[in-house]
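Take a first walk through this structure, one chain at a time. Keep the sequence and the 3D view side by side as you read.

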Amino acid sequence: MTEKPQKNPGQTPALNVAGVCKSFANRAVLDNVSFQLFSGQALCIFGANAAGKTTLIRIIAGLMPPDDGTIEICGLNLCSQNPQAKKMLGFISHKTMTYPHLTVEENLRFFARLYGLNKSNTRVEELLDKTGLILYCYDLASALSRGMTQRLTIARAMLHRPAILLADEPFTALDAPACENLLALLQQFRNEGGAVVITTNNVSPSLRCCEKLAVLNNRKLFSDIKADQINLEKFC
Amino acid sequence: MIMLAILIAWIFRIAAESAEISAPAIASAALLAAILFSAILVCEKNFASEHENDCLAALILASADTGDIYLAKLTVNVTMLCIFELIAVPAVLVLFKINAGLSWPRLIIAILLINIGFSSIATLLACAVQGTKTANSLLGVLVMAVLSPMMIPAVSALLSLFSQPDTAFDFNRGLGLLLAFDAIFVTVCWLLFDFVAAGQEN
Amino acid sequence: MRTTLAILSLLLILLAASLALTTAAITPAARNIVYVHVPTAFCSLISFCVLFFCSIRYLRTKQQKWDHTAAAAAQAGLLFATIMNLTGMFFARLEWGIWWTPSPRLISSAVLWFLYVAYFLLRSAFESRRRKETLSAVFGIIAFIDVPLVLISARLVPDIHRPSFSFDTPAQLLALASAALGSVLLMTLLIWYSKLSKERLCPHTHPR
């Protein structure tokens with residue numbers, strides 16, 4: 001299904017996914033998936049297990065190429081203008097994507113260097129403060145609780161001030177307070193003009209942070225879904 | 001790694017004593033075996049830490065080109081091997097009593113080329129085997145199978161350095177072949193790393 | 001088509017065998033093992049070329065049929081490489097009195113066999129089909145690049161692999177050519193059947 005025209009038709013969408021297809025070993029996983037997202041918006045993609053949610057979000061993140069279709073990040077084609085487009089993306093998943101043998105601060109400083117932030121840049125301190133990790137900055141990443149680890153993951157993803165934050169099953173194994181923290185961080189990111197895409201089968205917290213809902217089912221993406229249309233039993 | 005190198009050299013030394021094999025020949029073999037096994041250990045450990053929490057995906061997201069990750073890993077692995085050889089090479093030379101007329105600059109160049117060649121293949125294959133149940137043993141088998149052609153010029157170069165000056169072994173030919181191997185292996189592995197890193201997705 | 005290939009292959013091999021046992025026979029009789037050794041060496045190298053080509057095609061297209069063909073070529077190549085090395089060892093024992101020595105061609109033959117075995121060890125290590133296919137293709141390319149490198153570097157060691165006879169008579173040349181062509185057709189059949197059996201084991205679950 002294609003996206004309905006937005007309020008500002010002249011505005012370049014932050015994320016434009018058009019006709020994305022993907023197959024593994026002759027088995028189609030995604031078929032002509034298309035949607036648009038503008039700055040400040042949040043999209044939640046629901047789907048059952050093995051629906052292709054992780055595949056879709058990893059394709060958008062540039063971690064795997066699509067078989068067909070295009071992905072544009074703020075007007076830049078992800079395939080042809082890869083380095084510039086990748087810099088506008090932040091990605092978090094249920095895996096931490098941080099080094100367990102480094103401390104919280106060391107992890108952030110390492111990735112800050114990779115993103116080209118020099119040592120005098122105060123972005124690391126700013127994020128430690130924002131995510132509430134300032135008291136844990138000298139703790140090893142392996143020693144953090146699941147909720148704290150997710151905050152570190154978000155801090156890592158936001159180091160380079162991305163335009164879009166992609167979150168693959170971010171609420172996995174999080175308790176209620178940790179979910180609230182995560183929701184607050186995502187809302188803060190949106191308030192600063194960022195767009196968010198979340199894939200999940202955890203309905204409740206996702207409905208609170210995303211005004212746009214979509215369902216990935218039978219290889220196709222169904223957009224403009226209303227909250228009451230989602231079958232809670234199917235996705236929990 | 002240093003302990004491993006010393007043990008390998010020691011076992012070869014005992015074998016040489018028992019079988020009356022010439023010291024330069026067996027010293028070359030011992031040193032190569034030590035470097036090869038150390039390269040496998042270094043490369044495997046290097047990528048094991050990336051695989052643990054999907055950190056390789058984070059590196060891919062943060063880097064402009066996936067090939068840069070391969071070159072960075074290769075540089076680290078070669079550096080680690082060089083540090084290890086600061087102790088291992090003198091240990092082998094002492095055990096096998098090799099010192100008379102040894103050309104140190106040529107030895108350093110030969111060992112550096114051997115490090116680059118071994119590390120180039122081991123780095124790529126170490127990334128490939130991550131997540132398998134038999135990663136350690138599989139990596140050893142794969143690396144040794146692919147690197148076996150490189151052993152010949154490596155032994156030739158080391159043997160010509162360790163032997164008396166009037167030997168038939170040609171150092172320059174061995175060095176030229178090592179250079180060719182390095183250039184080909186590094187280029188091919190750099191080009192193929194994209195597929196190997198993307199192959200971690202499943 | 002397959003039946004035709006099978007019949008042709010059989011006829012050519014029978015022709016080679018009959019010539020080798022009669023007019024094209026080399027003395028002493030044990031040397032006639034070269035009519036098996038040389039064609040199998042040829043086939044094992046061709047299989048490697050097929051493996052290399054299919055590996056590149058798989059990485060470009062991600063179509064499973066290329067992986068199936070590559071694996072089939074590797075199976076055929078391993079079979080021929082095994083026969084090549086075994087017959088070579090027997091020939092070396094009879095001709096030069098040793099089972100094996102590090103001469104250029106013998107090193108190349110051994111490395112070829114090691115690379116085939118390593119290819120299958122790699123394939124057996126992965127549970128994920130896509131990862132197995134991708135990494136097998138990568139290894140197939142690296143292994144193929146190894147083959148000319150080993151032929152070049154092995155020149156640094158002395159060569160014992162110099163036969164003390166040659167194929168002089170037309171009958172001997174015909175026998176060798178028949179054996180080689182018959183082996184190539186047999187190899188093609190083996191790859192074909194192996195690829196078909198792999199495709200039958202992986203039916204399409206969600207056809208596009």
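**Where chain C meets chain B**

In this contact, 26 residues of chain C touch 25 residues of chain B. The model is a predicted one. On the chain C side, two elements each give two or more residues: helix H4 (104-124) and helix H5 (129-153) of chain C. H5(C) gives the most, with 13 residues. What classes of residue make up the side of chain C that touches chain B? Of its residues, 20 are nonpolar, three are polar and three are charged.

**The rest of chain C**

Now look at chain C as a whole. Its secondary structure comes to six helices and zero strands. Along the sequence the pattern reads α-α-α-α-α-α. Chain C has 208 residues, and 43% of them count as buried. Next, consider contacts in chain C with a separation of 6 or more. Residues 24 or more positions apart account for 80% of these.

**A helix in chain B**

Cross over to chain B and find helix H5, residues 104-129. H5(B) has 26 residues. From its first C-alpha to its last it reaches 36 Å. That is close to the 38 Å expected at 1.5 Å a residue. How many of the residues of H5(B) are buried? The count is 19 of the 26, so H5(B) is largely enclosed by the rest of the structure. After the helix comes Gly131(B). The phi of Gly131(B) is positive, near 95 degrees.

**Two loop residues in chain A**

Chain A also has positive phi values, here in residues other than glycine. Start with Ala50(A), whose phi is near 65 degrees. Where does Ala50(A) sit? Its place is in the loop between strand E3 (42-46) and helix H1 (53-61) of chain A. Is Ala50(A) buried or exposed? Ala50(A) has 9 C-beta neighbours inside 10 Å, and a residue with 12 or fewer is exposed, so Ala50(A) counts as exposed.

Then turn to Arg219(A). Its phi is near 75 degrees, again a positive value in a residue other than glycine. Arg219(A) lies in the loop between strand E9 (212-217) and strand E10 (220-222) of chain A. Around Arg219(A) there are 19 C-beta neighbours inside 10 Å. A residue is buried if it has 20 or more. Arg219(A) therefore counts as partly exposed.

Key:
Residues are numbered from 1 along each chain as its sequence is written. Chains are lettered from A and ligands numbered from 1 in the order in which they are written. This is a predicted model: local features need pLDDT of at least 70, side-chain atom pairs count only at pLDDT 80 or more; totals for chains, interfaces and linings use all residues. Two residues are in contact if their C-beta atoms, placed from the backbone, lie within 7 Å. Helices (H or I, at least four residues) and strands (E, at least two) are DSSP runs, numbered from the N terminus. Ala, Val, Leu, Ile, Met, Phe, Trp, Tyr, Cys and Pro count as nonpolar, Asp, Glu, Lys and Arg as charged, and the others, Gly among them, as polar. The expected span of a helix is 1.5 Å times one less than its number of residues.
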